[in-house]
Amino acid sequence: MEFYTQSAWLIPIFPLAAFLLLIALGRSYRTTAMLLGSAGSLAAFVLSLLVLFERLGPDAVDYSIRSFKWIVIGDYTLRLGFEVTNLTSLMLVVITGVSLAVNVYSAGYMKNDERLTVFYGYVALFTFSMIGLVLADNILLLYIFWELVGVCSFLLIGFWYARPSARAAAKKAFIVTRIGDAGLLLAILLLFWYMPGHALDFTSIYNVFHEGQSGVMTSGITTFIALLILLGAIGKSGQFPLHVWLPDAMEGPTPISALIHAATMVAAGVFLLARTFDIVSASEAAMQTTAYIGGFTAIFAATIALAQNDIKRILAYSTVSQLGYMVMAIGLGSVSGGIFHLFTHAFFKALLFLGAGSIIHAVHTQDIREMGGLGAKMKTTAWTFAIGALALSGIPPFSGFWSKDAILTTALDENPVLFVVGLAAAFCTALYMSRLFFLVFAGKPRSGHAAVKESAAVMTIPMIILAALSVVAGFIETPWNGWLSGWLSGSEAVETVHGGSSIAAMVASIGVGALGIYLGWLFFVKKSIGSGFMAAKLPSLLRAVERGYYIDEWYRVIIVKPLRGLGSTLAVFDEYVIGGTVRMTGALTTAAGRFAARLSNGKVQTYGLAALIGCIVLIAVIVGRRFWS
Amino acid sequence: MNILSDWPILSIILATPLAGLLVVLLLPSRRNRWLHAAAIITTLIPLLLSCLLYSDFVNLQGVSGYEEQATWVEVPLNKETLEGVTSYKFIIQYAVGIDGLSLPLVILTALVTAMAAFASIHVKKRWKAFYAWFLLLEAGMLGVFLARDLFLFFISFELTIIAMYFLIGIWGYFNRERAANQFLIYNGIGSAVLLIAFIILVNTAGFRIEQSGNVLDFIYSGNYADLAKNMTDPTAWVNLTSEAMGGLNPFHMGDAMQWTLFVLLMVGFGIKLPIFPFHTWMLKVHTEAPPSIVMIHSGVLLKMGAYGMIRFGIYLFPEQAKAWAVVLAVLGLVNLLYGALIAFRQKDLKQVLAYSSISHMGIFLLGLAAFNEIGLQGAVFQLVSHGLISALLFLLVGSFYERTKTTELPLLGGLARSMPFMSGMLLAGGLAALGLPGLSGFIGELLSLLGLFESHPWLAGLALLGIILTAAYVLRSVLKVTFGPMDEQYAAAKDARLVEAVPMIVLLAVIILLGCYPSMLTDTLHYSYETLIHPILATRAGG
Amino acid sequence: MLPSYLTMAAILFCIGLYGALVKRNAVVVLLSVELMLNAVNLNLIVFSKYGVAPSLTGQVFSLFTITVAAAEAAVGVAILIALFRAKGTVNVDEYDEMRR
């Protein structure tokens with residue numbers, strides 16, 4: 001009875017064991033490292049699949065163990081445990097699946113790197129932490145793994161540590177997400193003191209917020225907690241205004257961008273919002289904020305992606321934009337929509353990154369203006385990339401269409417403004433993806449890449465598998481078949497009631513997607529409109545978009561510089577005021593000593609005078625005492 | 001035969017370094033290796049014994065109070081104030097004992113000292129004198145944490161200062177003499193303040209009355225148990241001696257005197273901690289002292305101030321401490337943010353770490369100021385955790401300095417290429433310092449803030465800013481050293497030798513162990529619930 | 001009677017003290033010291049006559065003091081002469097032997 005679910009705690013053990021072995025092995029066992037890392041994630045993947053199949057059964061109940069008392073302090077107990085729900089089992093499969101694909105792919109992509117063992121070790125550690133994050137049964141344990149995945153991301157962004165840009169990007173990623181993490185930690189502190197029995201596990205949270213125990217917390221506190229959780233999600237999922245680290249994170253190796261910065265870790269914010277949806281949905285203001293932040297990020301990042309020239313940065317901004325969709329869906333109350341998009345996005349975005357990696361591996365540049373005509377030489381890459389691009393652009397029947405459509409339908413029902421925003425973002429998405437695709441694969445080579453050839457099978461096979469998944473993954477939830485949302489919420493599959501709005505959203509979404517691709521074709525293949533069109537008309541706007549609306553520069557001026565200034569001021573204060581006071585005390589003591597030394601000039605009369613003064617003082621003290629008290 | 005219950009185990013722990021000191025003095029002074037080995041073995045014994053003690057303590061859930069006492073000096077006093085007292089005596093005791101607060105610190109001391117003994121390969125001259133002072137320093141530190149008597153405490157406290165003075169002044173870096181002088185003067189002032197407080201304490205609260213039949217002995221001493229009893233229960237003797245003394249309470253301490261003592265103790269120990277603005281001496285020590293000594297200094301010696309603050313400040317004067325909790329919290333916040341902001345702008349790695357110590361001691365103060373059990377647990381956890389982390393970091397800095405001959409951040413970079421092991425360790429230590437979950441630093445921060453959040457939520461919210469800043473300055477300096485393009489002159493530098501790697505690995509292992517299984521430490525403190533935690537909660541409830 | 005004698009003695013003592021501390025000439029300093037001693041003598045005698053318990057002890061004591069003062073003056077002048085021989089001056093500002 002539910003054998004695999006009960007042994008779900010084994011899933012993270014495999015990659016953890018792989019990590020420990022890899023760290024212990026050292027650098028010389030390169031082939032072993034590849035096999036070990038892949039084996040770890042393969043085992044985890046198989047077990048995750050088994051768990052998922054078990055949960056597909058009709059009478060699957062949430063299974064949790066929270067017996068481990070981590071810290072006991074008086075009446076307060078912090079427990080650790082794991083919990084398997086339908087949501088977590090789905091996430092497990094996504095994580096371990098992508099991790100497995102990336103492990104295999106890296107065997108080709110990273111094969112010449114001297115720190116291959118370290119790379120596999122970090123990836124295994126990341127997989128472990130990410131699985132732990134998903135399995136955590138309480139928000140504190142989730143936070144622990146949340147930080148661990150953050151640190152793995154940091155380590156892998158800075159993997160090529162010798163580059164100053166990688167160093168800066170790693171540092172930035174850690175510190176920016178740390179801002180969000182501090183918010184999440186504050187939310188946990190608040191929850192700890194406000195929850196009855198100081199319980200932090202999700203079941204108790206569900207009970208408190210779901211069954212109307214509204215007396216426990218005031219609505220102000222609830223909103224505050226929800227906003228702080230949102231802050232955590234914003235940091236991790238690269239939402240505006242904390243999105244700045246994600247494009248820079250592309251300094252890491254491309255498989256890492258696929259695994260961490262597209263498919264899994266950045267989706268952790270969305271997962272967090274879904275996991276704590278009971279809290280967030282308890283506050284109308286927090287829901288509104290979530291929806292608008294998501295919507296704004298979606299359109300904001302999509303426009304930036306239009307003007308980028310680095311293939312990975314385009315994909316990075318595209319990730320930010322798609323994460324915006326997910327956050328918006330949750331803000332609009334549709335957890336299943338957000339998770340559905342997370343699910344499909346994980347496959348096609350990982351696929352796109354792996355394709356980009358394959359291209360970069362072949363041409364050794366990341367600038368799309370230097371590519372072109374690669375379609376003929378890299379057939380597999382081109383085909384799989386096209387599938388990913390179409391899925392991302394929301395063209396039926398690829399998976400992205402269904403998930404995006406689910407979100408847009410909700411938006412149309414709930415908030416027309418956000419529906420329009422979502423449509424505009426979808427249009428931009430189609431446009432920048434067609435630009436990317438046509439510039440890279442169509443036309444003639446723009447610089448001499450004579451020796452370009454298709455990547456090895458070890459790299460293309462994961463891409464092909466992911467491409468297949470990108471095609472079919474969308475069918476688990478269509479407007480006619482609400483299986484996923486029913487499964488996620490634990491009830492029988494519900495008949496969708498969208499009806500008219502669903503068809504309207506679908507038509508509009510296909511329309512803008514096709515329009516975007518058509519425009520892209522006009523621009524970059526047919527060249528009926530010159531590609532220098534924008535640059536000629538509005539150069540400053542183009543530059544602003546290209547630089548991401550100067551958000552980085554704003555941060556530098558508003559936050560970094562004042563903090564540095566404050567630090568320097570305090571350093572000066574410390575040196576001269578506090579240190580000065582200390583030195584002055586010393587100097588005063590020395591001066592007093594000098595003065596006393598001058599008194600002993602060897603003349604009897606001076607000594608006599610001193611003795612006289614002493615006598616007078618003594619008499620004054622003795623006599624004066626009786627008047628004092 | 002049970003070694004723990006039949007032997008005076010605490011005295012053995014305390015005496016081992018002194019015995020080792022004798023051995024070192026007898027060894028020939030040119031045999032560096034012999035001396036080094038003798039020092040390592042000597043420091044390992046207290047570590048082993050204290051670990052045994054720990055397992056026993058945990059097994060018995062803290063009920064076995066280890067206490068050893070002997071009378072050292074006895075002076076009859078010519079004093080007649082109370083009717084019926086047969087004799088007045090003044091005794092100086094040798095009294096040692098442990099409870100859930102001092103045991104972790106004893107283990108920390110033994111561990112850090114043993115690791116520092118391993119790492120003492122940087123000593124290039126006068127080995128014999130170095131190890132002699134080194135072992136004397138250990139004896140002093142152990143004495144501070146084991147002492148259950150003001151005199152033993154104070155003597156041990158002073159012993160560490162003297163030993164440190166010579167260790168810095170002779171074996172330090174370029175500006176060593178100046179640093180040693182400043183250290184001595186600053187700590188001398190702190191000790192003087194403490195001495196005043198202690199003398200007043202012995203003269204007022206440090207008495208007990210022994211009654212057998214008609215004989216009534218009135219005994220003054222620095223015994224901690226007597227002090228605690230009199231301070232926390234001022235009317236203890238009224239009923240006991242009612243027949244002989246006619247219901248007079250022999251103990252009285254005015255409000256003004258209590259406040260004076262409390263402030264004196266706080267200042268005296270605050271200098272050691274150090275609390276802003278008494279921190280400048282520490283910066284020099286951290287820059288100038290030799291690596292293994294900085295390990296001990298920042299790993300253990302700073303904790304003596306914290307320990308004294310809890311032991312004497314909080315437990316003897318709970319009312320005053322509670323009234324001052326806000327002040328302590330604000331001071332802690334200032335320490336935290338001030339240290340972090342300045343660390344962010346320092347150009348020398350040692351200075352960064354020195355300011356980081358100030359910042360981390362701020363978290364200790366915050367936990368203390370929470371004035372509840374979680375906060376206290378967090379504060380103690382932060383002490384142990386920071387002791388381990390800073391010992392690891394300063395050990396690494398010393399090893400890097402040996403190879404690069406500089407700790408200026410602008411001159412360093414890319415050391416991960418030539419020294420991957422040490423760079424990885426530095427990164428791990430840095431991550432522990434910035435409070436990464438799974439490493440011990442996180443638990444200290446979490447518990448301190450959790451505790452503080454109940455008492456002063458706004459201050460705890462502000463303290464979270466410190467956590468972001470900590471990440472910023474730690475990563476800035478650690479990445480500057482390890483990542484980035486490498487300077488060619490460091491290309492030939494060798495990675496850590498075995499004798500350096502052992503302490504690094506051990507320290508990191510303990511950091512990870514505590515981070516993953518914090519109950520090891522929190523349970524220990526909780527076992528002494530009656531003496532360590534109940535008073536605090538009682539004060540809370542009363543006020 | 002007693003207060004006026006005591007005032008007289010105090011004035012004498014102060015004059016002597018002033019001279020002993022301020023005068024440059026060593027002979028005058030010695031004379032001033034004698035003046036202070038005599039102020040003390042005066043006090044002793046006055047207390048023995050008009051004090052709370054009059055007795056001869058005070059007068060006897062003053063005789064002792066006079067004797068000691070004579071001896072002191074002799075020794076003092078002897079030292080002074082020795083110093084004068086060594087230094088060639090009676091200015092006390094030049095006498096800073098205690099410093100060395």
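A: Chain A of this predicted model falls into three parts: domain 1 covers 1–137, domain 2 covers 138–546, and domain 3 covers 554–628. Domains 2 and 3 of chain A have C-alpha centres 64 Å apart.

The largest nonpolar core counts 421 residues. The residues with the most contacts inside that core are A:I188, A:I229, A:V270 and A:A350. Take A:V270.

Helix 11 of chain A spans residues 254–263. Ten of its ten residues are buried, so helix 11 is largely enclosed by the rest of the structure. The buried residues run from A:T254, A:P255 and A:I256 through A:S257, A:A258, A:L259 and A:I260 to A:H261, A:A262 and A:A263. What covers them? Among the covering elements of chain A are helix 4 (86–109), helix 5 (116–135) and helix 6. Helix 10 (245–248), helix 15 (311–331) and helix 16 (335–363) of chain A also belong to that cover.

Now the contacts with other chains. Two pairs of chains are in contact, and chains A and B share the most contacts. There, 37 residues of chain A meet 40 residues of chain B. Four elements of chain A each supply at least two residues to this side: strand 1 (63–73), helix 6 (139–157), helix 7 (164–194) and helix 26 (551–599). Helix 7 of chain A gives the largest share, 14 residues. By class, the side of chain A that touches chain B has 26 nonpolar, five polar and six charged residues.

Chain A also touches chain C. That contact takes eight residues from chain A and nine residues from chain C. The side of chain A here has two nonpolar, five polar and one charged residues. No contact joins chain B and chain C. The closest C-alpha atoms of chains B and C lie 30 Å apart.

Chain B holds an open sheet of four strands, in the order 1-2-4-3, with mixed pairing. Strand 1 (67–77) and strand 3 (207–212) of chain B are the edge strands, each pairing on one side only. From one strand to the next, the twist averages 35 degrees. Strand 2 (residues 87–97) and strand 4 (residues 215–220) of chain B pair in the parallel sense, over four bridges. B:F90 has B:Y220, in strand 4 of chain B, as its bridge partner. Helix 2 (residues 9–26) of chain B packs on the sheet and touches strand 1 and strand 2 of chain B. The direction of helix 2 makes about 75 degrees with that of strand 2 of chain B.

Helix 2 of chain B contains B:P17. Is B:P17 buried or exposed? B:P17 has 26 C-beta neighbours inside 10 Å, so it counts as buried. Not counting residues up to four places away in sequence, B:P17 touches B:T42, B:P46, B:L135, B:E138, B:A139 and B:L142. B:P17 and B:S519 are 502 residues apart in sequence, and their C-alpha atoms are 30 Å apart in space.

Conventions
Residues are numbered from 1 along each chain as its sequence is written. Chains are lettered from A and ligands numbered from 1 in the order in which they are written. This is a predicted model: local features need pLDDT of at least 70, side-chain atom pairs count only at pLDDT 80 or more; totals for chains, interfaces and linings use all residues. Domain bounds come from an automatic or database domain assignment. A nonpolar core is a set of buried Ala, Val, Leu, Ile, Met, Phe, Trp, Tyr and Cys residues joined through C-beta atoms within 7 Å. A residue is buried if 20 or more other C-beta atoms lie within 10 Å of its own, exposed if 12 or fewer, and partly exposed in between; C-beta atoms are placed from the backbone. Two residues are in contact if their C-beta atoms, placed from the backbone, lie within 7 Å. Ala, Val, Leu, Ile, Met, Phe, Trp, Tyr, Cys and Pro count as nonpolar, Asp, Glu, Lys and Arg as charged, and the others, Gly among them, as polar. Two strands pair if DSSP finds at least two bridges between them. Axes are lines fitted to C-alpha atoms, for helices over the stretch in contact, and angles run from 0 to 180 degrees between N-to-C directions.
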